[in-house]
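Work through the exercises below with the sequence and structure in view. Each task is followed by a solution in steps.

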Amino acid sequence: MSEITPGADMTHRKQGLFFKLMLRSSGVSLFEGGEIPNTDGIIRVVSAHSSAYLVPTNTEKTDYVLIDAGMDKNAANIKKELQIRALHDQAIKAIFITHGHPDHIGGLRQFPDVPIYVGAPDDGYVSGKAPSDGFVGKLTGSQPGIAVTDPDQLKTIADGQVVSIGEKSVEAFTIPGHTRGSVAYVIGSALFVGDAIAFRRNGTKMDSPKPFSHDIPQSRESVARLVRQFDDQGRAIEHVIPSHSDVGTFDALRDDVRQAPMS
Ligand SMILES: [Zn+2]
């Protein structure tokens, strides 16, 4: 039995155009797909307005982890990037979800054989048991059609957890706010932040537009905590990689934290 939900009949294309317009009017630095310079092979895959990332986990660049799965249920652009490199879907060894919004989990069903890591509060979105809440939920409806088919694929990930995949380790940091279950990931010197932040055209940090966010003050505090933690550890982050803007610097996050009043 299929349930009719408010956004269920909106096409992928219409949703994509809507999100794209929202983004453009918000002043983000725009982005293109392809290999991100100076990252040793991280590939941005664009699906409508949203980005997923392929990160190589071996020196030969034949194995990858996928950060998010885009909006497209067919994951066509992810598959295309693999094909360009003469690789099959099996090149993807694990998927790490920054949060459960529909434009980050759309393509998951295309990869039925790999573990999918997600922050516990968002696992209902990914398993299809819970619709996205708030405005995003109203816009897109609940997502049973795009959720994973095999619940055994789903693994919840905790703050500080490290998962080794091939020659790389993926470190998870929970950053609740944009959604309750938002997670940032560090691989090497790259920090994937999902929708917790974006960068403006002048390189400064901005928050996701309010309608898409569960709790912006909480998100800001999560990012500030991450900045303090990484600075305390002397951790070097060279690339901060959001889903809906071009890549930015860790300095821009630090500047924003310094300027903001402590909450
Ligand atoms: Zn989102």
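The model used here is predicted.

**Exercise 1.** Find the protein donors of the zinc ion and classify the site.

*Solution.* 
1. The donors are His99 (NE2), His101 (ND1), His178 (NE2) and Asp195 (OD), at 2.1 to 2.2 Å from the zinc ion.
2. Along the chain, the donor spacing reads H-x1-H-x76-H-x16-D.
3. The angles among the 4 donor atoms run from 90 to 169°. A tetrahedral site needs all angles between 85 and 135 degrees, so the value of 169° rules that class out.
4. The site of the zinc ion is irregular.

**Exercise 2.** Locate His99 and His178 in the chain, and state whether they are buried or exposed.

*Solution.* 
1. His99 sits in the loop between β5 (92-96) and α3 (102-105).
2. His178 belongs to the loop between β9 and β10.
3. With 79 residues separating them, the pair links distant parts of the chain.
4. Both His99 and His178 are buried.

**Exercise 3.** Describe the open sheet that contains β9 and β10, and the helix packed on it.

*Solution.* 
1. The order of the 5 strands is β8-β9-β10-β11-β14, and the pairing is mixed.
2. β8 (162-165) and β14 (239-242) are the edge strands, each pairing on one side only.
3. From one strand to the next, the twist averages 25°.
4. Strands β9 (residues 168-174) and β10 (residues 183-187) run antiparallel, joined by 4 bridges; Ala172 has Tyr185 in β10 as its bridge partner.
5. Helix α6 (residues 216-233) packs on the sheet and touches β9, β10 and β11 (190-194). The direction of α6 makes about 135° with that of β9.

Note on methods: Residues are numbered from 1 along each chain as its sequence is written. This is a predicted model: local features need pLDDT of at least 70, side-chain atom pairs count only at pLDDT 80 or more; totals for chains, interfaces and linings use all residues. Side-chain values use heavy atoms; hydrogens and water are left out. Two strands pair if DSSP finds at least two bridges between them. Helices (H or I, at least four residues) and strands (E, at least two) are DSSP runs, numbered from the N terminus. Axes are lines fitted to C-alpha atoms, for helices over the stretch in contact, and angles run from 0 to 180 degrees between N-to-C directions. Contact means heavy atoms within 4.5 Å. Donors are N, O and S atoms within 2.8 Å of the metal (3.2 Å for Na, K and Ca); water is not among the atoms, so sites may look incomplete. Four donors count as tetrahedral if all angles lie between 85 and 135 degrees; four count as square planar and six as octahedral if opposite donors are over 155 degrees apart and all others between 65 and 115; anything else is irregular. Buried means under 20% relative accessible area, exposed over 50%, partly exposed in between (1.4 Å probe, protein chains only).
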